[in-house]
Amino acid sequence: MPAIPSHVPEPSRTDPALIRNFCIIAHIDHGKSTLADRMLQLTGVVEQRQMRAQYLDRMDIERERGITIKSQAVRLPWAPTHDDSNTHILNMIDTPGHVDFTYEVSRSLAACEGCILLVDAAQGIEAQTLANLYLAMENDLTIIPVLNKIDLPAAQPEKFAGELANLIGCDPADVLRVSAKTGLGVEALLDRVVERVPAPVGNADAPARAMIFDSVYDSYRGVVTYVRVVDGQLNKRERIRMMSTGATHELLEIGTNSPEMLSSDGLGVGEVGYLITGVKDVRQSKVGDTVTSQHKGADDALGGYKEPKPMVFSGLYPLDGSDYPELREALDKLQLNDAALVYEPETSAALGFGFRVGFLGLLHLDVIRERLEREFGLDLIATAPNVVYRVIMEDGTEVTVTNPSEFPEGKLDEVFEPVVRATILAPTEFIGAIMELCQTRRGSLLGMDYLSEDRVEIRYTLPLAEIVFDFFDQLKSKTRGYASLDYEPTGEQSSSLVKVDILLHGDKVDAFSAITHKDQAYAYGVRLVAKLRELIPRQNFEVPVQAAIGSRVIARETIRAIRKDVLAKCYGGDISRKRKLLEKQKEGKKRMKMVGSVEVPQEAFIAVLSSDDGSGTAKGKK
Amino acid sequence: MPSALPDGDPVPADGALPASALAGAADRPLGFYLHVPYCATRCGYCDFNTYTASELRGTGGVLASRDTYAATLTDEVRLARKVLGDDPREVRTVFVGGGTPTLLPAADLVRVLGAIREEFGLAADAEVTTEANPESVGPAYLAELREGGFDRISFGMQSARRHVLKVLDRTHTPGRPEQCVAEARAAGFAHVNLDLIYGTPGESDDDWRASLDAALGAGPDHVSAYALIVEEGTRLARRIRRGEVPMTDDDVHADRYLIAEEMLSAAGFDWYEVSNWATSEAGRCRHNELYWTGADWWGAGPGAHSHVGGVRWWNVKHPAAYAAALAEGRSPGAGRELLTGEDRRVERVLLELRLREGVPLDLLRPDGLAAARRALADGLLRGGAYEEGRAALTLRGRLLADAVVRDLVD
């Protein structure tokens, strides 16, 4: 353990020439957090005895799933091993690791001059890493390629070094080899960061401009905003202005993380740190926005700011209707820390009171739902996720549809649906299976490249609606788990889409309405009514189950009336047993939802809404 | 394997009842059920508390013996006398069931009846029934019962078809139950019942019609017809699970029930409970009516259930444990429950709705009343009875009685 370096430059008084701002791009499980831990130790900011694995991942769910959702920045002093009197400041900016947070990733990247591309030496690069790598290259970051886990017996450093060199156009010999677990090679990596990553460049005399790359709600301190100063200087106790909204706030605290928050006098050009203004909601401190001084502030914001835009919607309903206020409170709390989470109350005839919730993507949906269930103890029914449709009526008016049951009935001129560019990386033996899957999901092939002899990158344009439900599960099952997927929204396309309604005993069940391509409507209708016929118990009367497009019925099944529901014998010894059975049945009845006059068990809703088509393969998400 | 007993509170060693159970007893009829837990062989569908000689061997020794069983039952009749104290009631009905009561000598059955007469007195018009297996009785046996005071007999006919009897493991030959009816009439029995089972795997609609024809031809004044229930833990359940015989089907049961109703009513029988038909009011089984109208009865014998004034209790199941308790002068009660007012209301709804007369509407709460109106509109309740303030089932309603009960108790 090297001692803490002497002459460590202080925040607000650090020469930009000594600053290196970098991030780590890596796939889940490729060892990013372990590497970060090792860097914290080697630079002495966290003592050995305080170490706990994956120091930077704070939320339990994240730690359990091995993913990082919210980024943080840590200021690391490092004197290069060949020049130990010249202490540099390394700001390590942790990036979100998943597909749904592309915009946040792009802002984290924009705060850096370089990035470490960290790849598991036993697995090679994955689609999401590749997507982020392309983002980094577009941002002109200096890339430091690193293979991790070289101590593993299954490691193939030669092969994957070749793959990385091929991707970024360097020599395979330039690919560093480390073991974050044992610490092997990490010092050399820190030296390489000092050597290769350019120092930040900015105008110290210009009005202050700092970019927000993360914004986190803390229940004790309010919103903590992470910034990278580009020009000028931000000082403690001055008033600042958010350039997208013009809102001003007093700077209650400014500082850096090492890794705990440490207040300072200010932050200068090229520096990375945090701001606390007392706001309580991350939507008042948005990722990508520019912070400037209120007095003599900048006129032009830094480029690249975007409002977060929900791409996927789902209705969330409490299983027990009386939990509705708890669900509202839980969503309110989550929103404090998640500017991308949007929701509004919604009433379903079938499911009662709930919320229509918008998400950035599928993982975002999963994480929110899991947090609601785990941290807030709620039992939820979630409707099948859907995308946003733009419907042009014949009279030229435009309707935005976020809930399939609200798809307009009248004369439609055109319907637009969002499309994405999907990138799939997989061993070459699965090319056929992947292309077949993408074709059935209305995909069109954009191109295909070999990363190495036996690994291929396939690019498709796909309607987002086709991948929001079970695409990832299908992809995994058809490639024995080897394929990885990334996608990014690329716009919209006009498609022949129709709404399929499901009717129970003549009553529309709003929760089951779906928008599908007209060629798939029939199959969807047939599958759903068959499934419902199995799941809904026989009633005292015959119940037709129909799928319909408008008034046209495309599929029909009948749940025959129950004709016998009586125990033949009821004598002296049967009475206690029968009364107890009745009590149990009454409990079961409480778990039924009435749809018109039909009793539908909650299990039927859950089964229909949560699983796919009974192809019997992958069940549930990731 | 016999079915499990419910969970309950312990029964005091002397069997004493709370004072509340005996309050107002004089206004309620009192009956006796006597359980005989023996069978020659166990039928594949049966989960009653009964034992074959080989099942008892080694487990009960002398205590569980058939030879001393009448004496043991008599002990419980004497215990009942003590527990009921100075209750002045005479016994209105006695019903001997099993098991196979007729595996005991007729004299044993008569002896226990004698004990009841001695301890409580029998009402002048008391109904005294025994169940009987067609293969285990003959004219002499029947005559002895009749002389000893029995006036009603119930034969387990089940079916007139050999292949159906075989699936049920019944050992009598087709035709024998009909002979039994004639023999019982000759011996002077005023009331004769035939038990039938429908919906046995392999039984056709025509088989069922043939069974009803044969039963009606024998001239009983009462018929009970039960859908075959496949009870967990029985041999039949295992055979169905293994695919050796097909599962019974509720829709088939519904069809068979309608056939029974049609043929029995054409022959002059009226239903008075979901599974019971009689040629006249006098032909109804008054003992079973005690169960359905919340009256009091003492059930003696292993596993037997009793009810007195809102207390239900049940005896230990095994004949050896039962005999041991009585031999030591303890109550054989294994557990009991004290019904709350709401329990008793729910029981009234679930029991009385099965009767032709139905349930008084004023027993229902607002939600139950609303449900009754819906059931009326759905054709499950009879309009005439409803006008008179009663929820009483239609023919279709009888087949859905449990569903109607679930709604009406709300």
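View 1. Where pLDDT is low, the predicted coordinates should not be read in detail.

**View 2. Residues 611-622 of chain A, another stretch with pLDDT under 50.** Here the model has 16 contacts beyond four places in sequence. For chain A as a whole, the mean pLDDT is 87. Of its residues, 92% reach 70 or more.

**View 3. The largest nonpolar core.** This core has 170 residues. C115(A), L117(A) and I424(A) have the most contacts inside it. Strand β24 of chain A, residues 412-427, supplies the largest share of the core, with 7 residues.

**View 4. The surroundings of I424(A).** Neighbours within four places in sequence are left aside here. Beyond them, I424(A) is in contact with two alanines, A127(A) and A483(A). I424(A) also contacts I434(A), I458(A), L475(A) and L485(A).

**View 5. A second, separate core.** This one has 122 residues. Among them are L212(B), A323(B), A401(B) and V405(B).

**View 6. Where chain B meets chain A.** Chain B brings 35 residues into contact with 22 residues of chain A. On the chain B side, the elements giving two or more residues include strands β6 (222-227), β9 (296-300) and β10 (305-308). Helices on that list include α10 (250-266), α13 (341-352) and α17 (401-408). By class, this side of chain B has 18 nonpolar, 11 charged and 6 polar residues.

Methods. Residues numbered from 1 in each chain as written. Chains lettered and ligands numbered in written order. Predicted model: local features only at pLDDT ≥ 70, side-chain atom pairs only at ≥ 80, totals over all residues. pLDDT = per-residue confidence, 0-100. Contact = placed C-beta atoms within 7 Å. Core = buried A, V, L, I, M, F, W, Y, C linked by C-beta atoms within 7 Å. Buried ≥ 20, exposed ≤ 12 C-beta atoms within 10 Å, placed from the backbone. Helix = DSSP H or I, 4+ residues; strand = E, 2+ residues; numbered from the N terminus. Nonpolar A, V, L, I, M, F, W, Y, C, P; charged D, E, K, R; others polar.
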